[in-house]
Amino acid sequence: MKWPVFIAMAVLCVVLQTTIAPRLAVGRIRPDWILVLVVFFAMHVRGQDVLATGCLLGLLADLQSIERFGVLALAYTAAAGVVYYLRDHVFRAHPLAHLAVTFGAGYVVQLILLLAAWLFTGVGGGVWSSQVFGGLLI
């Protein structure tokens, strides 16, 4: 993989995410350009580079979020792994395939964020999750 190209694209996506994405927001929903880049790299680069790019882009997303550090890195790495697993089963050159896979990757990221919120703060779990998981994670 060409790492200077990756670095340039990552910087561009972070700039777009922090400057333009809030202006394109509809209510509380805004585009996630970093996830789009994760999906693009997961569809087009080698296996070991997929997880590295997903983790690095997730760390960049962690730096600009209020989540616990590492949660978005885990979520984007998992999404990159799922996309890498599915990329041989879709027609990679078609834009609708990229759209559908990005939509699915967004669900994977949101599922991991919901699971992390449930484990860390007990959302929906009440006292049970803080008693059972509190000593293990904090």
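User: If buried means under 20% relative accessible area, exposed over 50% and partly exposed in between (1.4 Å probe, protein chains only), why does L12 count as partly exposed?

Analyst: L12 counts as partly exposed because its relative accessibility is 44%. Please keep in mind that this is a predicted model, in which local features need pLDDT of at least 70 and side-chain atom pairs count only at pLDDT 80 or more, while totals for chains, interfaces and linings use all residues. Residues are numbered from 1 along each chain as its sequence is written, and side-chain values use heavy atoms, with hydrogens and water left out.

User: OK, and where does L12 lie?

Analyst: L12 lies in helix 1, which covers residues 3–19; helices here are DSSP runs (H or I, at least four residues), numbered from the N terminus.

User: New topic: how many aromatic pairs does the structure hold?

Analyst: There are four aromatic pairs in the structure. One of them is W3 with F6, and this pair is edge-to-face because the ring centres are 5.3 Å apart and the planes stand at 85°. For a pair, ring centres of Phe, Tyr or Trp (its six-membered ring) must lie within 6.5 Å, and planes under 30 degrees apart count as stacked, over 60 as edge-to-face and the rest as tilted.

User: How far apart are W3 and F6 along the helix, and is F6 buried or exposed?

Analyst: W3 and F6 are three residues apart in helix 1, so about one helical turn separates them. W3 is partly exposed, because its relative accessible area is 33%, whereas F6 counts as buried, with a relative accessibility of 4%. F103 and Y107 also form an edge-to-face aromatic pair, with 5.1 Å centre to centre and 90° between the planes. Both F103 and Y107 lie in helix 5 (residues 95–121), four residues apart or about one turn of the helix, and both residues are exposed.

User: Which residues form one aromatic cluster?

Analyst: W3 and F6 belong to one aromatic cluster together with F40 and F41.

User: Now the inside: how many residues has the largest nonpolar core?

Analyst: The largest nonpolar core has 28 residues, and L57, Y76, V83 and V109 are those with the most contacts inside it. At least two residues of this core come from each of helix 1, helix 2 (33–44), helix 3 (47–63), helix 4 (71–86) and helix 5. Such a core is a set of buried Ala, Val, Leu, Ile, Met, Phe, Trp, Tyr and Cys residues joined through side-chain atoms within 4.5 Å.

User: Which helix gives the largest share of this core?

Analyst: Helix 2 does, supplying eight residues of this core.
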